Amino acid sequence: MKAIVFSEQGSTEVLRYTDVPKPTIDADEVLVKVAACAVNYLDLHARRNRPEIAEKFQRGETPHILGSDIAGTIAEIGNTARGVAVGDRVVLAPCIPCGVCSDCRTGTENLCDTQELIGFQTNGGYAEYVKAPARNAIQIPDALSFVNAAAMPIAYLTAWHMLMTRAVLRPGEDILILGVGGGVGSAGLQIAKLTGAKVFATASSDEKLARAREMGADITINYKDMDFSEVVLEATDGRGVDVVLEHVGAATWEQSIASLAKNGRLVSCGVTTGNIGTINIRKLYQKQLTVMGSALGTVTELRTLVHLAAQEKLEPIIDRTLPLQRASEAHLLLENRRNFGKVVLRNA
Ligand SMILES: [Zn+2]
């Protein structure tokens, strides 16, 4: 089969479009003919320098195939695979949890210590075919396109788990979404609007902010020009917002905390600018603030998201689709932050 592969880490030039053997499935697995695979920032980090990939190469496991957000058609099923049939249109849940630890057994498999991410620890969807456990395959209705389905798992699961499960965003609340032009940010905006929240959104360009306003953002802030917490406080008569969706890390941490109202909740899922942030503990208790983490999401949550997308209550923002061969171009678009929403690779 054709695939985009790499055997050493580096610039986009390490990516090669070539022939590799089709995966062979175990009894509890399915083989999926990939129709669409969305590109994530993690793919870029994996290609450049993530140690997990370097270790894989040191073990002689080459080449690697990226791609965690996958939609396609079931082409083969293993002997013990249940609940799926050849020809089913599916989206794949991106994580493969162990299934037996206490986290897996209590429905919080997103916290499983030994889970593997498809396309990271295992070979992924930048290919004609990918294999996965049958339980990862979630059927999608005809109303949901492969491209839209592939754009959902990581971005929407992350945003949903953050806002609905962790921060428990309620109608009438105010929320600040950082980096609204990215996958998690734009998903967070749609989910927040579903709940009836008032949305403050930041981005690095006025063009991205105009798009965010079209999608329902109420107040938009270009963070290159100003301290966004000052704008938030001014727009709320000094009150602040109830929830901050934070995924930037060190660079925005203090402004994010400063944007919170009394009883405010900050929920974080990422640290693109650094791992360490400080907090004024006196303000933390005086304002009864909550700081919480959030790690991807569960298969059950992904089923909910597929249901909402099929009803067009959520509509993934697709920057563009590109044929699989042009994966390097897709990486460069993300690298230079030229995209608004997802870049999706498709097979002909
Ligand atoms: Zn587990």
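How many residue pairs are in polar contact between domain 1 and domain 2? The count is 3 residue pairs, both members at pLDDT 80 or more, where a polar contact is a pair of N or O atoms within 3.5 Å; within protein, one must be able to donate a hydrogen and the other to accept it, and residues adjacent in sequence count only if both atoms are side-chain atoms. The model is a predicted one, so local features need pLDDT of at least 70 and side-chain atom pairs count only at pLDDT 80 or more, while totals for chains, interfaces and linings use all residues. Residues are numbered from 1 along each chain as its sequence is written, and side-chain values use heavy atoms, with hydrogens and water left out.

As for the domains themselves, the assignment puts 2-151 + 316-346 in domain 1 and 156-293 in domain 2; the bounds come from an automatic or database domain assignment. Taken over C-alpha atoms, the two centres sit 29 Å apart. Domain 1 brings 10 residues to the contact and domain 2 brings 12 residues, with contact meaning heavy atoms within 4.5 Å. About 900 Å² is buried between domain 1 and domain 2, and carbon and sulfur atoms give 62% of that; buried area here is the accessible area (1.4 Å probe) that two parts lose on being put together, summed over both. Salt bridges across this interface number 0, going by a side-chain nitrogen of Lys or Arg within 4 Å of a carboxyl oxygen of Asp or Glu.

The whole structure, on the other hand, has 15 salt bridges. Glu29 and Lys131 make a salt bridge, with 3.6 Å between the closest N and O atoms. Glu29 belongs to strand β3 and Lys131 to strand β8 (residues 129-133), so this pair ties together parts 102 residues apart in sequence. Helices (H or I, at least four residues) and strands (E, at least two) are DSSP runs, numbered from the N terminus.

Strand β3 (residues 29-38) pairs antiparallel with strand β4 (residues 69-77) over 8 bridges; pairing requires that DSSP finds at least two bridges between the strands. Strand β4 is also joined to strand β5 (residues 89-92), again antiparallel, by 3 bridges. Gly72 of β4 stands opposite Val34, and its bridge partner in β5 is Val90.

Thr62 and Pro63 are linked by a cis peptide bond with omega about -10 degrees, and Pro63 is in the loop between α2 (51-58) and β4. Leu296, in the loop between β15 (290-293) and α11 (299-310), has a positive phi near 45 degrees. Most residues other than glycine have a negative phi, and most peptide bonds are trans.
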